[in-house]
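Reader: I have a new model open and would like to go through it. Can we start with the charged residues?

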Amino acid sequence: MLFRSISTTAAPAVVYQTAREGATTYTIPGLTAGTSYTVRLHFAELYFTAAGNREFNVAINGTTVLTNFDLYATAGAKDTAVVENFTATANSSGDIVIAFTNGAVNQPEFEGIEVLGSSTGCTTIPSAPTNLVATASSSSAIGVTWTAVTPPANCTISSYTVYGGTTANPTTVIASGEI
């Protein structure tokens, strides 16, 4: 599934100083199959000074996302950045394939491609472990055990930190490590 949005956040000016022209296909490899990514396409009409002089098509993973896209008409001026955002899912090979093809007039032109990872990461703090038990194993050592919690959605728990002290909110780290 693809979703489109137009961004007002242009790339640094250096991205728009050169263009790639002509029908071409780019394969972005090394992604996680079945995972959604943001595909950000950067455009600027660097040659024509009126609408209707360049119209081309763009497809992502075989689905047309822009048909007879007119850079000048979209930007409203020459040398003005246009950023189109799409959400695309990496195919079974872990690729996203972007194809620029001729449309009604002239050939495609674009200045940059970005593929950004999903921003749906862990945003929830896990609950505290339960059944905390401290057992003195000697006069200078205490063993601590607890029941692990189930991580919230889109989260993993990969390490722990144990604090000790004589207050309700201790700040002294007495142990930490990877799970």
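Reader: Is Arg54 buried or exposed?
Author: This is a predicted model. In it, Arg54 counts as buried because its relative accessibility is 3%, and buried means under 20%.

Reader: Which side chain meets Arg54 in a salt bridge at 2.7 Å, N to O?
Author: That is Glu45. Glu45 is buried too, with a relative accessible area of 1%.

Reader: Where does Glu45 lie?
Author: Glu45 is in the loop between β4 (36-43) and β5 (55-60). A polar atom of the Glu45 side chain lies 3.0 Å from the backbone nitrogen of Phe48. Residues that Glu45 touches include Leu71, Tyr72 and Lys78.

Reader: What about Arg54 and Glu109?
Author: Their side chains meet in a salt bridge of 2.9 Å, N to O. Arg54 lies in the loop between β4 and β5 and Glu109 in strand β9 (residues 109-110), so the pair ties together parts that are 55 residues apart in sequence. Glu109 is buried, as is Arg54.

Reader: Which residues do salt bridges that share partners join into one network?
Author: Glu21, Glu45, Arg54 and Glu109.

Reader: How many salt bridges are there in the whole structure?
Author: Five. One of them pairs Glu114 with Arg40, at 3.5 Å, N to O. Glu114 is in strand β10 (residues 112-116) and Arg40 in strand β4, so parts 74 residues apart in sequence are tied together. Glu114 is partly exposed, at 27% relative accessible area, and so is Arg40, at 21%.

Reader: Different topic. How many helices and strands are in the chain?
Author: One helix and 14 strands. Of the 179 residues, 27% count as buried.

Notes:
Residues numbered from 1 in each chain as written. Predicted model: local features only at pLDDT ≥ 70, side-chain atom pairs only at ≥ 80, totals over all residues. Heavy atoms only, no water. Helix = DSSP H or I, 4+ residues; strand = E, 2+ residues; numbered from the N terminus. Contact = heavy atoms within 4.5 Å. Polar contact = N/O pair within 3.5 Å; in protein donor to acceptor, adjacent residues only side chain to side chain. Buried < 20%, exposed > 50% of the residue type's maximum accessible area, 1.4 Å probe, protein only. Salt bridge = Lys/Arg side-chain N within 4 Å of Asp/Glu carboxyl O. Lists of a residue's contacts leave out its neighbours within four places in sequence.
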